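Please look over the following model with its protein chains and DNA in view.

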Protein chains: 2
Amino acid sequence: MREDDAFRAATMYYLQDQTMDVIARTLGVSRSTVSRLIKSARDDGMVRISLRPPSSTGSQLGHRLAATFGIKAHVVSVRESASEVHRLEQVAMVAAGLISEWFSSDMVLGVAWGTTVAAISRHLKSSPSRGSVVVQLNGAANTYASGVTYASDLIAAIAAAFDSTMYHFPVPAFFDYPETKRLMWRERSVQRVLEMQRRVDVALFGVGALSAEVPSHVYSSGYLDDAEIASLVDDRVVGDVCTVFLRGDGSFRDIEINARATGPTPRELRTIKRRVCVVVGEAKGHALLGALRARVVTDLITDETTARYVLGLLRGAPGSPAGGRLGP
Amino acid sequence: MREDDAFRAATMYYLQDQTMDVIARTLGVSRSTVSRLIKSARDDGMVRISLRPPSSTGSQLGHRLAATFGIKAHVVSVRESASEVHRLEQVAMVAAGLISEWFSSDMVLGVAWGTTVAAISRHLKSSPSRGSVVVQLNGAANTYASGVTYASDLIAAIAAAFDSTMYHFPVPAFFDYPETKRLMWRERSVQRVLEMQRRVDVALFGVGALSAEVPSHVYSSGYLDDAEIASLVDDRVVGDVCTVFLRGDGSFRDIEINARATGPTPRELRTIKRRVCVVVGEAKGHALLGALRARVVTDLITDETTARYVLGLLRGAPGSPAGGRLGP
DNA sequence: AATCATCGTGCACGAATGTGCAACGCCGCT
DNA sequence: AGCGGCGTTGCACATTCGTGCACGATGATT
C-alpha cells in the first residue's frame, strides 16, 4: 500500500517532472507526505540514478590514472576543505552506487573488510537480486576493531542490500603458525569458502597503509605485534590489499607474514574479472601505488586529492611528492 | 569543459547528495550556474533515473491488464483533472524513459508514426548507442498532417537521440492500387527497409481509433476518402495498429484496405520480441482492446483513465462501459 | 476498560532550488 | 574602432522542498 504510493509518487516526481503539490492532490495526501514517500522510495532503493560520463573529455586526473595503469578510474569531486572522513563518505556514496550497477543476479561479490568497505556498506541502497552471493575475502575472526563493525556484520549488511546468500570466512586475519593455516585450508568448511572465492565476479576492497600517520586498523588493532610490524618495515612493505602485504613496486614474495595471511594474493585476485578498489587519503598513496603496480585493480574509485597525490608520487621524490624536484 | 562541469555537478548532486551551494563553492561558480549545469546534465541525458516497481504489490489496474492479456502493463498516474493532451504528455515522458531503458547498442528499433509516437519523441533524452538502427514501420510519404511532424522528422529525432542509423520508409501510408504495392515490394530500396523491419528488436507504436470523437489523424488527414471509411465501418473495424486495421476481436482478415496498407500485419508484428504500445484516451479504448486481442502488444504503457476504461469494456456493454449492467 | 507506546499525518517555517532580468564578455561584421 | 548579436553569469525574488513538532488513530499491554 505505502510502497505502492511511494512508487507512484516517485514516478510522477522523477519521470513525469510533477511538483510534489500536484502529486499530493493526485494521491489525496498532503504535500509533506509526498516528500516523505519520495524519500522512502529513494532510501529503499526504488529509485536508481546513474550518470553517463561525458564521452570525449574527462577529468584530467581520471584520464591520467587510466592511461598510466590501464584501469578505469572514477575520480570523485569533494569540497577542498572537507575532512578526510567526509571525503571518505563522499567517495563511499559514489562507490556504493557503482557497485550496485555492476553487481546483479547470479553473480558473486567478494568483499574485504575495513573502514573503507564499511563506509560503502553504509551507503548501499537495497537492490534485490536473485541467486547472488556475497563472500568474505579475508579472515577477521571476531575481534572488534575500533570504530569498525564486525566483519560479519559488514558482510551481512552487504548481503542484505542485494538479497544475497552470504559466505563468512571464520578464520583470523592472520594465523600465528603457517602450519595452522595449511591444516585449516584442508577443512571442508574453509574449502567451501575458498571455492566460492574462486567464483567471484566482482571484488571490492580498499588498501591498508603502513604509514605511521593514519595507520589502517589492521596495523593498530592488535592483529600484529611490534616485531611483526618491524619485519614488515624491513621488507619495505608499504601496505596491504586483503591483508596481503605489498611493497611499493607491487611485489609481495618473500614477505613472511603473507604465508600466514588469509586473503587472496594479488595473483589470485587477478583471476577476478572486475576488481574494484576504493581509496581515500594521501596516507594511502604509496600503498595504492603498490596495489596498482601489482595489477590487482581494474576499477579505482577515489577522490581528487588522493588521485593527484598518487600521480605526484610518480614524478616527485618517492617519499614526498610535495618535496620532489627541487631544482632543474 | 562545460560538459565536464555538468558531470561533476550532477555527480555531486545526485550521487553524493550535496546541496547546490556546496557544489557551487567546489566548482567556483555561482549557485545559479550549478542549478543550470544540473539541468543541462538532465536535458542532455547524462542523468538516468529509473524506478524499480515494488515487487509484490502493484496497481490493481496494471495487474488486471497484465493478467487478462498476458502482457506487461505500465499504468501511469496523472492528475484527475488533466486534459487529454496533458495526459498524453505525461504518459509519453514515462514511455520515453522506458524505451531508453529497453533499447541499446546493436539493436533495431521499429517505430510507427502518429501523434502518440511524436509525443514520445519529444521527451527522449539523448542516450547514444553504437550500431543501433531505427527503422520506420509504415509508410507516410511526405504528407503533412495537422500538428504531426513529418514522419521523416519523427524518425530522425528518434534516431538522433540514440545516435542510430535511420531507415526511412518512403512509401505512402496506403497505396491506391494493391498492384502498386506488390510491385513496390519487389524494389530493392523497399526490400532493404523490409529486411530491416524483420530484424526489429523493439517495436514502438500507438493505436488509431476509428471512433468519431477524436479521430486519429490517419482518418482525418486525407489518407482515406469517405468511401473507404464507410467500408471500414462496414467491416466493423475499430481502429488500426501501424496502419493495419483491426476489428474489436483482434481479427484483421478480409479488410480490403489492409491489402494496400504498408505497415506490418499483426502476424508480422508478433515475430518481434518486444512490442511496446502506448495509448492515451478513452476514445481509443475499443481499438486498444482489438490490438490486445490481436496479441500485438507485449508492453502496454497507458494512463489510469484509459486502463480503467478498457477493463470496463470487458464487463460492460460493448458500446459503453458506463452504461453497462444496469440491473442485478 | 484504561493506559501507553508507536506510527503516520498535516502544519508551518526555514532551507534549497528555479528563473526573469540586467550586466558582462566574446565574436563577427561594418 | 565601433557596433550589435549571442551566449553566459550572478543577483534577487518566487517557487518548491524538507523537517521538527504536535495531534490523532491504532493496537498492544496492564
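## Terms and basis

A polar contact is a pair of N or O atoms within 3.5 Å; within protein, one must be able to donate a hydrogen and the other to accept it, and residues adjacent in sequence count only if both atoms are side-chain atoms. This is a predicted model, in which local features need pLDDT of at least 70 and side-chain atom pairs count only at pLDDT 80 or more, while totals for chains, interfaces and linings use all residues. Residues are numbered from 1 along each chain as its sequence is written, chains are lettered from A and ligands numbered from 1 in the order in which they are written, and side-chain values use heavy atoms, with hydrogens and water left out.

## Contacts with DNA strand D

From chain B, a polar side-chain atom of B:Ser32 lies 3.3 Å from a base nitrogen of DNA strand D.

## Surroundings of A:Gln16

A:Gln16 is buried, at a relative accessible area of 0% (buried means under 20%, exposed over 50%, partly exposed in between, with a 1.4 Å probe and protein chains only). Its side chain reaches the backbone oxygen of B:Ser77 at 3.2 Å. Beyond its neighbours within four places in sequence, A:Gln16 is in contact (heavy atoms within 4.5 Å) with residues including A:Thr11, B:Val76 and B:Met93.
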